[in-house]
Amino acid sequence: MANATQDFDAVVIGAGFSGMYMLKSLRDKLGLKVRVYEAGDTVGGTWYWNRYPGARCDSDSYIYCFTFDKQLLQEWEWSERYPEQPEILRYLEHVAERHDLKRDMQFSTRVTSAGFDDERGLWTVHTDGGEAVTARYLITAVGTLSDTNIPGFKGLNDFKGKWYHTSRFPHEGVDFTAKRVAVVGTGATAVQAIPEIAQQAKHLTVFQRTANYCVPARNGKVDPELVKARKADYDGIVERIRESLFGQEHYLIPQSVLEVTPEEREREFDRMWDAGGFAFWLANYQDMLFSQEANDLCADYIRRKIRSTVKDPVAAEKLIPKGHAYGTKRQPLDTNYYETFNKDNVLLVDAATDGGIEAITEKGIRAGGVEHEFDIIVFATGFDAMTGAIKALNLKGRGGRTLDQEWSDGPHTYLGISVVGFPNLFTITGPQSPSVLTNMPVAIEQHVEWVTDCIDHMRKTGKTTIEPIPQAQEEWVAHVNEVIGATLFTSANSWYMSANIEGKPRAFLPYLDPEGIGGYRKRCGEIAVNGYEGFTLA
């Protein structure tokens, strides 16, 4: 259905946390005419698509939420420390209703391309429904982990059973009762799903390519007195997480792990382990991610925990990570993950020791010359992280140059929010911004507020376009790489380093500000105060 051209001040792509707040901010604060396009049937983004068993957030619920609505912070009651997907989706639906967001959203609509018209200074956005609309500003709120990665396994179409990707699970769920099930992958998603599936399935086989360092979530009900204290201190909490390193109330121990006695070190490790969540990752000794010697001490603690939990020493050794430093891959939080491998109905097939997956067959999976038969295969193989979803929009900037061309050797941005040659394009939590290295709502709110202030400034000063100066972009890319080069992150084949997608140029995708999200917020604020330094406004 082709419609006549409609003009908007801004088009926002995506209706998750980012798109919802971006719409509210531009519409209610600046009075702009905004259209949000969303491929799903409703709001939610990540929390609409990811419905696999065990799906839940891994930042504490009291900070995994919007902070702009102070009354809602007081009213909303989370059921657990880490709420499950249905509860988070209910929260986002409530926010959408409370702020009347859906009237400016168009669901079940995928943006297929967008191009910038140099003469008119406008973006033309095309959808899969045949629409073509124009807007002054184009804002991607497509999420960092949303472009599904289904590896091209040989024979996948031959499989006679059912198969699913964790990010595209049927809304009605999947019944694993009395089924022979395979889970392919052992990243953060699989670590959540495997214990849940193992409780239902007749037999579960886990195919592991790379073992991960998992730390306990310690999920459960939150003490009502703690909830009350947090609600009384929300102004302080919001200020602290915005100024923090990781958007959380976690703080590094300000000394080297090598400087303390083994007894003191063990006490601190025990304390963080017992606290659960990201404490062991984000509140560890300050040199953990910079010194291999320091990192080895932290990693050895987790290895000892794995060996003491997994009864079969052969399985335990398979589950112990090798070849990458602790903390340099996405940190999975586990609830009974390692314990699951003690079950009689669970088998671990490790690529390094048992042979990798050779093909999907009619009956199941052939790995290491052995055919395993299954009724259901679940692929927990992740995403084309950070750049995939943006590149899938088929964006064309000045002169028809595509973003694919600009990013052929990895992302090039200024501040992770803007790209040379793509005027008035803003990428919320885009590549080379803190994004996935922080509590996402904190990173999202910072970007949305900065973009809103930027557009407000442009309108008040009569400017119609903004884009980075090439030198500023080059210097930012160099800075991102220089900072991460001083850490152990680059030694890991992680999706942070683009290593999970075959043929994807190796590049570190987020940005690790030496002063955390607080330092990045300050930097962006100073750039704005200095007349949007590094940008050309015309």
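Visitor: Okay, contact means heavy atoms within 4.5 Å. With that in hand, what do the buried residues of α8 pack against?

Guide: Happy to start there, with the reminder that this is a predicted model. The buried residues of α8 pack against β10 (215-216), α9 (279-282) and α10 (292-309).

Visitor: And which residues of α8 are the buried ones?

Guide: R265, F269, M272 and W273 are the buried residues of α8. They lie on the same side of α8, because the arc they cover around the axis is only 100°.

Visitor: What does the face turned away from that buried side carry?

Guide: That face of α8 has the exposed residues E263, R267 and D274.

Visitor: Nice. How far apart are the end C-alpha atoms of α8?

Guide: They are 20 Å apart.

Visitor: What happens just after α8?

Guide: G276 comes there, with a positive phi of about 75°.

Visitor: Switching to strands. In what order do the 3 strands of the open sheet come?

Guide: The order is β13-β14-β15, and the pairing is antiparallel.

Visitor: Which of them stand at the edges?

Guide: β13 (357-360) and β15 (370-373) do. Each has a single partner strand, so one side of each has no neighbour in the sheet. On average, neighbouring strands of this sheet are turned by 25° against each other, direction ignored.

Visitor: How many bridges are there between β14 and β15?

Guide: Strand β14 (residues 364-367) pairs with β15 over 4 bridges, in the antiparallel sense. As one example, R366 has E371 in β15 as its bridge partner.

Visitor: Zooming out, how many helices and strands does the chain have?

Guide: The chain comes to 18 helices and 20 strands.

Visitor: What box do the C-alpha atoms fill?

Guide: Taken along the principal axes, the box is roughly 70 × 55 × 45 Å.

Visitor: And what percentage of the chain is made up of buried residues?

Guide: Buried residues account for 59% of the 538 residues.

Visitor: Last one: among contacts between residues at least 6 apart in sequence, what share joins residues at least 24 apart?

Guide: That share is 72% of those contacts in the chain.

Technical notes
Residues numbered from 1 in each chain as written. Predicted model: local features only at pLDDT ≥ 70, side-chain atom pairs only at ≥ 80, totals over all residues. Heavy atoms only, no water. Helix = DSSP H or I, 4+ residues; strand = E, 2+ residues; numbered from the N terminus. Expected span 1.5 Å × (residues − 1). Buried < 20%, exposed > 50% of the residue type's maximum accessible area, 1.4 Å probe, protein only. Arc of directions from axis to C-beta. Pairing = 2+ DSSP bridges. Axes fitted to C-alpha atoms, helices over the stretch in contact; angles between N-to-C directions.
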